[in-house]
Amino acid sequence: MIEKMKEIFRHRQLILILVSRELKARYRGTVLGFFWSLFNPLLLMLVYTIVFGFIVSRGKVAGFGSAKLYALFLFNGILPWTWFSSSLMESANVLMVHGALIKKIKFPIEVLPIMVVTTNMVHFLLGLPVLILFFLIFGQPLSLWVLFLPISLIVQYIFTMGLCFLISALTVHFRDIKDILTNLITLWFFTTPIIYTYDSVPRVLKMVLNFNPMTHVIESYHFSFFFGSLPHWRRLSITVLVGLLFLYLGYVIFDKLRDTFVEEV
């Protein structure tokens, strides 16, 4: 597997080219072009601010003292979740969409799911300035624990990458996975503390949430940004191990099915 990883690293330039092409293609034909990567999260945050800051401003929302703070909390969780869910959904199609490329050119096919996760990570990073801007506008202080962001980002990348290898390989043979995935992601969203806080759920449900790796990933963003404190390092450490396990299993299955991709896409 180390040799495979070295081969992928040797093709890092190809990954960068594919990510760049994907980013350009996403907004091709639009007036604002690439700037939509910045405006989309800005518009999303404005919607949250209007809904929770003005329309639902007659009292506390989900235990928060201010509805605007709840909008900030919500956006803090939605940004990394969008990176995660978009990567999973796009990875289900990525080998079929690039079927012609796979048949014509010899290259490490795993760069395609890597491209998907990396492209969505770039969108996530472009949303961060908008998040920080609204922290400043709402007078919510940022602590030095924001510097913990790269750790959260690496943990999420590892876990997401493992799942995307698995999904992209299996979907080539089982196309129903795409439809199942759509409903599964919706269920996964509500079992991740994004629209509510981890501490607000009953103890018995916390046990369920603890088995969800994305709980601890999203919590790490909440702690370092919103709560301004050290993320729960023990839970996050376990999540790293789970992510590495998924990455290993996902890649092994992808590698086993590699020879069948040309015939099936």
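This is a predicted model: local features need pLDDT of at least 70, side-chain atom pairs count only at pLDDT 80 or more; totals for chains, interfaces and linings use all residues.
1. Length of helix 2. Helix 2 covers residues 12-26, which is 15 residues.

2. Ile 15. This residue of helix 2 has a relative accessibility of 11%; the cut-off for buried is under 20%, so Ile 15 counts as buried. Leaving aside residues up to four places away in sequence, Ile 15 touches Ile 8, Val 111 and Ile 114. Ile 15 and Val 111 are 96 residues apart along the chain, yet their C-alpha atoms are separated by 6.0 Å.

3. Nonpolar core. The largest nonpolar core comprises 71 residues, and Trp 81, Leu 88 and Leu 95 have the most contacts inside it. Helix 7 gives the most to this core, contributing 13 residues. By way of background, nonpolar side chains tend to be buried together in soluble globular proteins.

4. Trp 81. With residues up to four places away in sequence not counted, Trp 81 touches Ile 185, Trp 188, Phe 189, Thr 192, Ile 194, Met 214 and Ile 218. Trp 81 is also among the core residues with the most contacts.

5. Ser 91. Ser 91 lies in helix 4, which runs over residues 67-91. Its relative accessible area is 0%, so Ser 91 is buried. Its contacts, again not counting residues up to four places away in sequence, are with Val 116, Cys 164, Ile 167 and Ser 168.

6. Helix 7 with helix 11. Helix 7 packs with helix 11 (residues 213-227) at an angle of about 35°, and the axes are 12 Å apart. On the helix 7 side the contact is made by Phe 124, Leu 128, Leu 131, Ile 132 and Phe 135, and on the helix 11 side by Tyr 221, Phe 225 and Phe 226. By class, the residues of this contact are eight nonpolar, no polar and no charged.

Note on methods: Residues are numbered from 1 along each chain as its sequence is written. Side-chain values use heavy atoms; hydrogens and water are left out. Helices (H or I, at least four residues) and strands (E, at least two) are DSSP runs, numbered from the N terminus. The expected span of a helix is 1.5 Å times one less than its number of residues. A nonpolar core is a set of buried Ala, Val, Leu, Ile, Met, Phe, Trp, Tyr and Cys residues joined through side-chain atoms within 4.5 Å. Buried means under 20% relative accessible area, exposed over 50%, partly exposed in between (1.4 Å probe, protein chains only). Contact means heavy atoms within 4.5 Å. Axes are lines fitted to C-alpha atoms, for helices over the stretch in contact, and angles run from 0 to 180 degrees between N-to-C directions. Ala, Val, Leu, Ile, Met, Phe, Trp, Tyr, Cys and Pro count as nonpolar, Asp, Glu, Lys and Arg as charged, and the others, Gly among them, as polar.
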